[in-house]
Amino acid sequence: MPIHDQGYRRYGGSKAPLGQGWTVIARAGIRAMFAKRAFLGLLLMAWLPFFVRSVQFYAAANLPQAAVLAPSADTFRQFLDQQATFVFFVTVYVGAGLIANDRRANALQIYLSKPLTRLEYVFGKLAILATFLLLVTWVPAIVLLIVQISFAGNFTFLKNNLFLFPAITVFTFIEVLLVAMTMLALSSLSNSSRYVGILYAGVIFFSSAIYGVLYAVTRSTMFSWISFPANLEQIGNVIFRQPLRYDTPWPLSLLMIVLGIVMSGVILERRVRGVEVVA
Amino acid sequence: MSAVEQGAAAAVPDERRAVPRGSNIIAADHLSKWYGQVIGLNDVTLTVPPGITGLLGPNGAGKSTFMKLITGQLKPSKGTITVLGEPIWGNPSLYFRIGFCPEQDAFYERMTGLEWVTALVRLNGLSDTEAAATGRRALEMVELLDAADKKIGAYSKGMRQRVKMAQALAHEPELLILDEPLAGMDPIARRKTIRMIKDWGRAGRSIIVSSHILHEIESMTANILLINQGRILAEGNVHQIRDLIDEHPHTVYIKADQTRALARQFLSFDDVLSLKFEEDAIVVQTGRPDAFYARLTDLAASGELGAIHEVTSPDDNLQAVFQYLVKT
């Protein structure tokens with residue numbers, strides 16, 4: 001009877017090629033967030049406006065007395081405006097520790113000694129935050145569009161507002177990219193997720209406060225480009241073909257958004273390193 | 001500089017070697033690294049042969065800079081470095097063939113050892129199922145399988161070092177780079193770890209291990225690189241500088257439950273030159289470190305004088321040898 005070798009045998013299966021490390025980072029992060037009950041509660045709350053809007057659409061489609069509640073393109077714009085509050089909380093909850101916790105645990109030098117580039121690492125982290133932000137913006141807005149069609153029983157609304165699907169998609173992706181990149185950049189600046197959360201809230205509220213002071217002095221909305229949320233609102237209205245909210249030219253608001261994303265990228269390039277070099 | 005091929009690797013048949021005999025695992029050519037105005041590594045040209053190589057130098061000598069350069073975490077300011085025949089900087093595919101164990105703790109303490117190793121193994125391209133099995137095997141190799149499901153926060157210093165080593169060797173790299181792997185370990189964990197490193201060397205792996213304690217390196221390999229003030233001071237056989245080190249008293253810091261009982265025992269050793277008490281610890285100077293460490297390990301294993309939690313050695317004696325070498 002032949003006796004087989006019982007010793008350790010080297011793994012002979014397939015390995016994922018280089019360039020897919022970001023999926024490992026993203027999956028691990030998404031799983032970790034879904035394991036938190038408090039976060040699931042936050043996600044549920046973020047979907048409450050969706051359920052309210054669904055009832056509104058149902059009433060408008062089925063009750064003649066509620067015709068005044070019939071949706072328009074602006075309804076979807078307003079819906080995404082309401083979701084901004086949840087975008088803020090989800091960003092702070094999910095994003096604050098994404099890089100800060102790795103820095104505190106010295107995990108970056110271990111990650112980056114694996115077949116994983118810095119770009120893949122950042123992309124993986126970005127994917128975690130973007131997934132949850134899209135889950136409270138793009139997903140409910142698109143489902144709401146489907147709900148409207150279902151309750152109305154026809155495609156009339158969609159045909160009359162064909163731009164809505166691309167508008168929702170473009171706006172939410174711009175919003176998510178700006179918010180996620182900003183939060184990741186801030187998260188790379190500190191080892192404390194709490195401090196990062198406060199810093200992010202500071203960026204949002206401080207920029208709005210400065211704009212508020214300038215508005216109070218000049219009585220003009222020309223300085224809205226200073227405000228982080230105002231730039232998104234201005235671009236949102238352009239995309240949804242709504243009247244502009246501020247006197248600031250929308251290309252300036254767009255430029256500020258692009259600048260924010262580029263600056264965040266520069267910060268991430270400098271801060272996400274296996275070894276911190278202080279020279 | 002010449003490459004010296006000896007030690008444990010010499011006993012390994014060619015067919016079991018990951019790196020063929022004769023080829024170098026690391027080659028540095030006029031390698032320099034500056035941190036602003038401070039020089040970390042200064043015009044280093046060397047080759048490292050397959051097998052176990054010890055990188056020895058006092059704190060601040062440039063060991064960590066060299067380690068970071070050979071793991072591609074730092075870009076050389078000048079010169080070139082190749083690892084396993086390829087440039088390491090900006091070449092992440094090479095990390096499939098390298099395992100790195102950093103000096104500092106680098107984990108989430110709320111995770112279990114198995115979760116942490118498995119998560120890192122996934123980055124090497126293994127599926128979830130394979131990663132879990134590979135993580136278990138790696139923990140078994142470092143004799144940590146019993147504590148695999150414990151949180152890392154509850155691990156002792158020795159267990160933390162071993163779990164870091166498990167993540168480095170889980171994907172079966174050709175080259176293992178271990179930065180101060182024995183730092184802070186108790187005598188038994190130290191002996192186990194040295195045995196493991198030697199076994200890996202015998203199994204055909206190439207290993208670069210850094211330390212500021214000569215006798216630790218000596219117990220693993222005879223092939224060493226001496227580094228001081230950012231320059232390679234000497235390379236070759238450890239026995240040549242062994243005589244020099246013995247001329248200088250060796251300081252050992254021991255953290256234990258019963259320091260007074262230990263002190264009484266140490267006083268009966270003729271090689272112990274002095275004793276000093278510190279809070280929960282005892283600082284011993286010995287003229288024969290090998291004999292002292294052997295007896296200390298036996299004492300720890302017997303448990304007669306309570307638990308010994310940590311053994312560290314400041315590098316005063318090594319510094320003295322380096323000063324001597326620099327003068328000559």
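Reader: How many bridges join strand S11 to strand S13 of chain B, and which way do these strands run?

Author: Six bridges join S11 (residues 250–256) to S13 (residues 281–286) of chain B, and the strands run antiparallel. Two strands pair if DSSP finds at least two bridges between them, so with six bridges S11 and S13 count as a pair. A strand here is a DSSP run of E with at least two residues, a helix a run of H or I with at least four, both numbered from the N terminus. Within the pair, B:Lys255 stands opposite B:Ala281 in S13.

This is a predicted model, in which local features need pLDDT of at least 70, side-chain atom pairs count only at pLDDT 80 or more, and totals for chains, interfaces and linings use all residues. Residues are numbered from 1 along each chain as its sequence is written, while chains are lettered from A and ligands numbered from 1 in the order in which they are written.

Reader: What makes S12 and S14 of chain B edge strands?

Author: The open sheet has the order S12-S13-S11-S14, with antiparallel pairing. S12 (272–278) and S14 (308–312) each have a single partner strand, so one side of each has no neighbour in the sheet.

Reader: Why is A:Arg241 called partly exposed?

Author: A:Arg241 has 13 other C-beta atoms within 10 Å. A residue is buried at 20 or more such atoms, exposed at 12 or fewer, and partly exposed in between, with C-beta atoms placed from the backbone. Therefore A:Arg241 is partly exposed.

Reader: Why does B:Glu143 count as partly exposed?

Author: B:Glu143 has 16 C-beta neighbours inside 10 Å, so it is partly exposed. B:Glu143 lies in the loop between helix H3 (128–141) and helix H4 (157–169) of chain B.
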